Amino acid sequence: MSDRSDRELGMKRNITRRDFLNGVAVTAGAAFMPWHLLAAGDGDPEKLPDYYPPALTGLRGSHPGSFDAAHSLRDGTFWDAAGTPQDTGETYDLIIVGGGISGLSAAHFYRKIAGANARILILDNHDDFGGHAKRNEFRVGQRTLLGYGGTYSIESPEPYSAAAKGVIEELGINVTSFPKYLDRDLYGSMGRVPKIFFDKEAFGSDKLVDDPYPFPGGETYDLAVPAADAWTHFLAEAPIAEQARKDVSRLCREKKDYLPGLSVEQQKARLARISYAQFLTELAGVHVDVIRLYQTISQTLFGVGIEAVSALDAAETGYPGFSGIDIGPEALSNERKYFFHFPDGNASIARLLVRKLIPEAMPGDSATDVVTARANYAKLDDKSSSVRIRLNSTAVRVKHAGEPARATEVEVAYARGGKVYAVRGKHAILACWNMMIPYLCEELPDAQKEALAYATKVPLLYTNVLLRKWTAFQKLGANSIYAPGGYHTHVDMDLPVSIGEYRCPRTPEEPAVVHMSKAPCRAGRPARDQHTSGRIELYNTTFETMERKIREQLVRTLGVGGFDPARDILAITVNRWPHGYAYEYSSLWDKFVLEGGETPCERARKTFGRIAIANSDAGAYAYTDEAINQAWRAVGELKS
Ligand SMILES: Cc1cc2nc3c(=O)[nH]c(=O)nc-3n(C[C@H](O)[C@H](O)[C@H](O)COP(=O)(O)OP(=O)(O)OC[C@H]3O[C@@H](n4cnc5c(N)ncnc54)[C@H](O)[C@@H]3O)c2cc1C
């Protein structure tokens, strides 16, 4: 905890309607607009002229009001109060639950088969479409600055499939053109390098030190080029034991085989059974301070610390200690070959998909002009359109109209604005989260429900902070900061990408968006339990508490560079994802194969009558390409 008062931190300032910046009004959006409550009236909030969720600040992601119906369904209390759904009389060819990239892709694929006139309804519980692909927008004077509130980029440890690549290309995204938009040399030319922030609680003093070996996992890893003398600085300054510094240097710089005498297959088998922390302690023999330093390095990628990540996963990701073993970080090199980062992350993909489905809702005609296009939310759910996206609407029941094997229709009930409605479709695709499906779809066989419930989610916090200027980063020579003991473990300036009409901040005097990330977890417990604890923590932490922690962390890290949180923070958007990444199986914690030879996700995603299952959980793989792959499969499995 810092000794700073709320006043010094700027807690009392009304940041969302904040005064003026250099005489220019900052309109960062209203916090907590209760669209879901507005939906309770007769009018649709999405039709209001000022309905524009990307510009909302405060608590976003799973925002207040987006999950109450789902949690009530889980707790078995929903139907007590809901009564019989009102029949809207609407019928569709396809009803999709979930307006993330999987649901939007499913609509796109379905139209290819059924034709552009196919009638499709997409339901999503959030006030915006895109699911985890979330756009955060900030307005400073006449200028718009963007941040990614979820999915950061097109990238995947596995190569994109033909179906996923096909979608990216149809949307007009030319992945190989990315270098054209990235100012690769900007940060380096300004002397800005990766840093580690050592905090006094864990390391005895608050200190910012050069990071000589930035790990994969920080969002700006691509540009994380250490300073030429980073090792000298680290070895002299890092507030850890002398032996620990030497150990870090040995791990990162020496090509040593810590599993001598074993074949590659034997080495892999051994590494799969131990954690990375065990590898470091028992095989590499490092000082305990090295564990303290690296404990949280894996959190933003795996959702847990290094004691719960297998050493094999660590090796394949490119963590230090494996360069003497023949298990190169091949996965990582794949990932970087096919890479594209929009300033709002893969929200641009979601927006391009919406443009394909409902052109009136997303002006423009290229994958570059979409970056600054203003979505017209009033057009998303329009009677005259064959595709409709209904936001603020939580599906609460999906069932066949009659006996599943013979039924010709599926009835979907959804909650919106305190009421429950029913619509009918020839098919349904559940592109929502696997764990939700057993509550929605009681007809499913028990074994399938059990397999669906296995897919827990990895909780994450993606915070965007709008700064008046970023001179403190410049003064301290930092562009990305790993904070092993911080509330957020990573603090990054985004990649400098200018695309279409969008211009990234290039000089420290300009306003900029800083991205902070955190994966809440409880070290020392099995991964799934850690995710549950993290999820509870996220739901139970107020925005005020998060805001205080953000301000404290930034001033402790950047204060010596002249950063003043009360003056320099213009807006904060916290994207809370209690249900974040799809759960990926770990050799430490999971049985990959169930009786019968299926993996849990294979059993979980079986099509049932007229209901198919998409979404990234269906592949147990937390990447955009998987969301698309599963949509492709689900559409292909629909009964004609
Ligand atoms: C913070 C974060 C960062 C990520 N970064 C990357 C990255 O850089 N690159 C990458 O490839 N992948 C990344 N991923 C993973 C990627 O975002 C996902 O794999 C992908 O977007 C999932 O898409 P989806 O449509 O399957 O699920 P989602 O995006 O979760 O969409 C599903 C939607 O269904 C809604 N829903 C659930 N239940 C209901 C219901 N009952 N009624 C109505 N709607 C419902 C959900 O609220 C959600 O909006 C990231 C994920 C997170 C969380």
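**Salt bridges and a helix pair in the predicted model**

D568 is buried, with a relative accessible area of 3%, in a model that is predicted. This residue forms a salt bridge with R468, and the closest N and O atoms of the pair are 3.5 Å apart. Distant parts of the chain are linked in this way, since D568 belongs to helix α24 (residues 565–568) and R468 to the loop between β14 (457–467) and α21 (471–476), with 100 residues separating the two. Elsewhere, salt bridges that share partners join E90, D381, R388 and R390 into one network.

In general, side chains of opposite charge can pair when their charged atoms come close. The structure holds 38 salt bridges, one of which is formed by D206 and R556, with the closest N and O atoms 2.8 Å apart. Here too, distant parts of the chain are linked: D206 is found in the loop between α9 (200–203) and β9 (207–210), whereas R556 is found in helix α23 (residues 543–558), 350 residues apart. The relative accessibility of D206 is 31%, and this residue therefore counts as partly exposed. R556, by contrast, has a relative accessibility of 17% and therefore counts as buried, because the cut-off for burial is a value under 20%.

A further salt bridge is formed by R424 and E409, for which the closest N and O atoms are 2.9 Å apart. R424 lies in strand β13 (residues 419–430) and E409 in the loop between β11 (394–400) and β12 (410–416), so the pair ties together parts of the chain that are 15 residues apart in sequence. R424 is partly exposed, with a relative accessible area of 29%, and E409, at 23% relative accessibility, also counts as partly exposed.

Turning to helix packing, two packed helices are described by the angle between their axes and the distance between the axes. Helix α5 (residues 101–114) packs with helix α26 (residues 624–637) at an angle of about 40 degrees, and the two axes are 8 Å apart. The helices α5 and α26 are therefore oblique to each other, because an angle under 35 degrees would be needed for them to count as roughly parallel. The crossing of α5 and α26 is right-handed. On the α5 side, the contact involves I101, S102, S105, A106, F109, Y110 and I113, which meet T624, A627, I628, A631, W632 and V635 in α26. When the residues of this contact between α5 and α26 are divided by type, 10 are nonpolar, 3 are polar and none is charged.

Technical notes. Residues are numbered from 1 along each chain as its sequence is written. This is a predicted model: local features need pLDDT of at least 70, side-chain atom pairs count only at pLDDT 80 or more; totals for chains, interfaces and linings use all residues. Side-chain values use heavy atoms; hydrogens and water are left out. Axes are lines fitted to C-alpha atoms, for helices over the stretch in contact, and angles run from 0 to 180 degrees between N-to-C directions. Helices (H or I, at least four residues) and strands (E, at least two) are DSSP runs, numbered from the N terminus. Angles under 35 degrees count as roughly parallel, over 145 as roughly antiparallel, 65 to 115 as roughly perpendicular and the rest as oblique. A crossing is left-handed if the near helix is turned anticlockwise from the far one by less than a right angle, and right-handed if clockwise. Contact means heavy atoms within 4.5 Å. Ala, Val, Leu, Ile, Met, Phe, Trp, Tyr, Cys and Pro count as nonpolar, Asp, Glu, Lys and Arg as charged, and the others, Gly among them, as polar. A salt bridge is a side-chain nitrogen of Lys or Arg within 4 Å of a carboxyl oxygen of Asp or Glu. Buried means under 20% relative accessible area, exposed over 50%, partly exposed in between (1.4 Å probe, protein chains only).
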